[in-house]
Amino acid sequence: MDAEQLRENAHKMVDFIADYYKSIENFPVLSQVQPGYLHNLIPDSAPHHPESLQNVLDGYIDIQEKILPGVTHWQSPNYFAYYPSNSSVAGFLGEMLSAGLNIVGFSWITSPAATELEMIVLDWLAKLLKLPEDFLSSGQGGGVIQGTASEAVLVVLLAARDKALKRVGKNSLEKLVVYASDQTHSALQKACQIGGIHPQNFRVLKTDSSTNYSLSPDSLAEAISRDLTIGLIPFFLCATVGTTSSTAVDPLLALGNIAKSNGMWFHVDAAYAGSACICPEYRQYIDGVEEADSFNMNAHKWFLTNFDCSALWVKDRNTLIQSLSTNPEFLKNKASQANMVVDYKDWQIPLGRRFRSLKLWMVLRLYGLENLQGYIRNHIQLAKHFEGLVAQDLRFEVVTPRIFSLVCFRLLPPHNDEDHGNKLNHKLLDDINSTGKIFISHTVLSGKYILRFAVGAPLTEWRHVNAAWEVMQDKASALLARLSI
Ligand code: PLP
């Protein structure tokens with residue numbers, strides 16, 4: 001690392017990125033390239049001789065002409081697809097510092113600041129979310145930054161599995177049962193596959209519009225009692241606050257009570273909506289988290305922290321450690337041996353880990369709770385505004401009540417011809433996204449193809465939402481006109 005070379009070129013790169021953000025609205029939000037496009041633009045093999053940095057950077061020809069066309073612009077103010085993945089100056093600076101220090105903080109000794117700052121910052125965030133004290137690092141629990149919500153649910157599933165097997169005997173793996181709703185993210189299914197849960201013991205409980213797609217405690221209780229009568233062992237429940245399709249909120253308190261009375265591990269996935277719970281008026285959606293064994297929210301979704309940063313808290317860190325720890329000779333050190341420190345390698349799948357708490361720390365400090373709350377509330381207001389626009393146009397319907405910053409809606413099929421409703425909305429989605437002006441995504445609820453409009457990009461303002469709605473109305477008008485010919 002040549003410090004002067006870094007200084008000179010990093011300034012150029014920052015200029016490039018700043019210019020990118022200035023002109024981000026000029027790009028088609030959804031990349032319009034075809035599969036394999038890059039093969040024809042980039043040589044088959046790496047260069048034998050070094051290229052000059054100048055060559056790669058000057059004019060950014062390669063980046064401008066080859067890379068950017070293949071980028072979908074998640075930070076565009078016209079990005080409304082899936083859920084957001086936020087960036088901010090604070091998050092960016094933290095990320096930069098983390099890349100600059102480039103430590104690998106698997107054990108406390110490998111960079112004490114990385115472990116200790118992570119513990120402190122996750123305690124800060126737990127307090128902002130008003131999580132129960134059991135989740136704080138001062139007791140038996142604590143927080144850890146995972147890469148993604150998928151890794152978070154995997155590690156707690158493994159911890160819960162091993163805890164259950166300790167109780168019922170190692171040979172009972174085939175009998176362990178996992179419960180979740182049909183709206184639960186597929187990350188749980190993957191965790192079950194990795195965790196060796198028998199595929200027939202993954203209970204996907206049906207939801208419908210009568211509960212706004214939230215999991216009914218009665219259906220959970222019935223499923224558990226059916227399984228108990230045939231000798232199976234219920235051990236894990238995953239509830240979601242803010243499901244991926246429609247932001248459904250599972251009733252944590254009632255579900256948690258059932259899990260507790262059956263000796264099960266209760267995990268709460270609030271990957272997207274958890275961020276909103278720093279606002280007192282949205283905190284109610286995680287009421288009942290007191291019953292949970294683990295809780296997860298993605299700071300990289302809607303909390304201004306650049307990807308990746310998924311915050312996981314557990315009430316009993318020893319369950320994680322018992323499941324995931326290894327102690328090879330080459331990692332032994334005084335602090336670890338004396339049990340004086342947290343070694344985060346034992347709370348996660350990989351050994352190596354980045355100094356990710358820096359970016360969350362930066363976000364929390366440079367915004368402060370007040371501005372973070374304002375940021376969340378603004379997006380929710382924008383979504384509410386969009387919901388109102390949709391409701392005023394009788395050709396459309398809002399499909400589920402909006403809770404946070406996602407609106408689920410669809411174009412009503414002419415003459416109530418539901419057979420064509422799905423095709424119609426699928427076509428509308430393609431027509432909208434192929435304009436490149438905005439990017440939205442879809443889901444299916446009760447067999448109906450639904451359009452999703454998720455507000456959450458940091459640069460999105462009222463004018464972007466209004467313009468997005470115009471694009472959607474124009475495309476709907478054109479589509480309906482074509483149909484009536
Ligand atoms: N859980 C929920 C509710 C989600 O919405 C998502 C992604 O959108 C995930 C889990 C998976 O997130 P990750 O990509 O962090 O694994």
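Q: What should I know about the numbering and the model before starting?
A: Residues are numbered from 1 along each chain as its sequence is written. The model is predicted, so local features need pLDDT of at least 70 and side-chain atom pairs count only at pLDDT 80 or more, while totals for chains, interfaces and linings use all residues.

Q: Which residue does UniProt list as N6-(pyridoxal phosphate)lysine?
A: UniProt positions are given in the numbering used here, with shortened feature names, and annotations may be inferred rather than shown by experiment. The unreviewed entry lists Lys-301 as that modified residue.

Q: Is Lys-301 buried or exposed?
A: A residue is buried if 20 or more other C-beta atoms lie within 10 Å of its own, exposed if 12 or fewer, and partly exposed in between, with C-beta atoms placed from the backbone. Lys-301 is buried because 26 other C-beta atoms lie within 10 Å.

Q: Which way do the residues of strand 9 point?
A: Side chains in a regular strand alternate between the two faces of the sheet. Strands here are DSSP runs (E, at least two residues), numbered from the N terminus. In strand 9, Leu-406, Cys-408 and Arg-410 point one way, Val-407, Phe-409 and Leu-411 the other, and all are buried.

Q: How many bridges join strand 9 to strand 11?
A: Two strands pair if DSSP finds at least two bridges between them. Four bridges join these antiparallel strands, and Val-407 has Phe-453 as its bridge partner in strand 11. Strand 8 also pairs with strand 9 in the antiparallel sense, over three bridges; there, Val-398 stands opposite Phe-409.
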